[in-house]
Amino acid sequence: MKFSFSSVVVLVGLANAFTYERLDKEKALLLIVDMQEGLFSLARDFDHNVYRNGMYAHAALGKAFGLPVVMTSSSQTGPNGPLPDEFLQWYPDAPLIQRQGEVDAWDNPQFREAVIAANKSQIILGGITTDVCTTFLALSLRDAGYSVWANHEASGTSSKYIRDMANDRMRAAGVQVLSYFAIFSELMRDWRNTPGAQELFPVLDEYLPIYGMVARAHRAAVQNGTVIAGENVLP
């Protein structure tokens, strides 16, 4: 059987067909992995102030979108330290699995059972360090059949080079590596939804202030703005 060039192109296109799986807040579980006060100093691929904001923004996604949350720490009574108190206060009823040796959280039976019990197919993940705690767990979750979204801004490691290598490894396994705002926007989908603009502009104002300022500037323009000479002739 002979195929024309156009037929081959069509067949190749079908073989490489892409299906866009979007985050759905009804299907998603938020994981907070080893974001411990002692391990925080290992996150050197971001400015520490920037990374702290990214870490807290990630953890707050559960509150903003009503997501179930599972938290885990590694040897928290040692130099790794505990998770920030705020996270524990935000989710007092969420499982907190205190691992005593397992590097890959999926190797801990209690953690694995907590994730399975949540009965969600989509996992949003961030942790310290990117190349170990985040990547190992992301690959294990993919192997177990989950769809995984790794929050690029919520995972930190010792250098940008190591971060990039880890993110490449996750992408090769089908993990979606993306920004906080991308995750936020996929979960929201439409500013008219609930939660939508009413509930989420305050969240953005706290954790993504560049967008919060867009809303503030618009508010100021509507409430107090005056078109000055020259602006009125702009297209």
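Me: Where does Ser140 lie, and why does it count as buried?

Reply: Ser140 lies in helix H5 (helices are DSSP runs of H or I with at least four residues, strands are runs of E with at least two, and both are numbered from the N terminus). The relative accessibility of Ser140 is 15%. Buried means under 20% relative accessible area, exposed over 50%, and partly exposed in between (1.4 Å probe, protein chains only). Ser140 therefore counts as buried. This is a predicted model, in which local features need pLDDT of at least 70 and side-chain atom pairs count only at pLDDT 80 or more, while totals for chains, interfaces and linings use all residues. Residues are numbered from 1 along each chain as its sequence is written, and side-chain values use heavy atoms, with hydrogens and water left out.

Me: Which residues does Ser140 touch, not counting residues up to four places away in sequence?

Reply: Ser140 touches Asp104 and Trp106, where contact means heavy atoms within 4.5 Å.

Me: What makes H5 and H6 roughly parallel?

Reply: Helix H5 (residues 130–143) and helix H6 (residues 160–172) pack at an angle of about 5 degrees, with their axes 10 Å apart. Axes are lines fitted to C-alpha atoms, for helices over the stretch in contact, and angles run from 0 to 180 degrees between N-to-C directions. Angles under 35 degrees count as roughly parallel, over 145 as roughly antiparallel, 65 to 115 as roughly perpendicular and the rest as oblique. H5 and H6 are therefore roughly parallel to each other. Thr130, Phe136 and Leu139 are among the H5 residues in the contact, and Ile162 and Met170 among those of H6. The contact residues divide into six nonpolar, four polar and two charged (Ala, Val, Leu, Ile, Met, Phe, Trp, Tyr, Cys and Pro count as nonpolar, Asp, Glu, Lys and Arg as charged, and the others, Gly among them, as polar).

Me: Why is H8 called oblique to H9?

Reply: Helix H8 (residues 197–207) and helix H9 (residues 209–224) pack at an angle of about 130 degrees, with their axes 6 Å apart. That angle makes H8 oblique to H9. Residues including Phe201 and Tyr207 in H8 meet residues including Pro209 and Arg216 in H9. The contact of H8 with H9 has seven nonpolar, one polar and three charged residues.

Me: Is Gln36 buried or exposed, and how do you know?

Reply: Gln36 has a relative accessible area of 0%, so Gln36 is buried. Gln36 is found in the loop between strand E1 (28–33) and helix H2 (48–65). A polar atom of the Gln36 side chain lies 2.6 Å from the backbone oxygen of Gly81. Leaving aside neighbours within four places in sequence, the contacts of Gln36 include Ser73, Asn80, Gly81 and Ile128.

Me: What makes Leu88 partly exposed?

Reply: Leu88 has a relative accessible area of 31%, so Leu88 is partly exposed. The place of Leu88 is in helix H3 (residues 85–90). Leaving aside neighbours within four places in sequence, Leu88 is in contact with Met71, Leu83 and Leu96. The C-alpha atoms of Leu88 and Met71 are separated by 8.9 Å.

Me: Which residues of H7 are buried, and what do they pack against?

Reply: In helix H7 (residues 180–188), Tyr180, Ile183, Phe184, Glu186, Leu187 and Met188 are buried. The elements they pack against include E1, H2 and H8.

Me: How many residues does the protein have, and what share counts as buried?

Reply: The protein has 235 residues, and 41% of them count as buried.

Technical notes
Polar contact = N/O pair within 3.5 Å; in protein donor to acceptor, adjacent residues only side chain to side chain.
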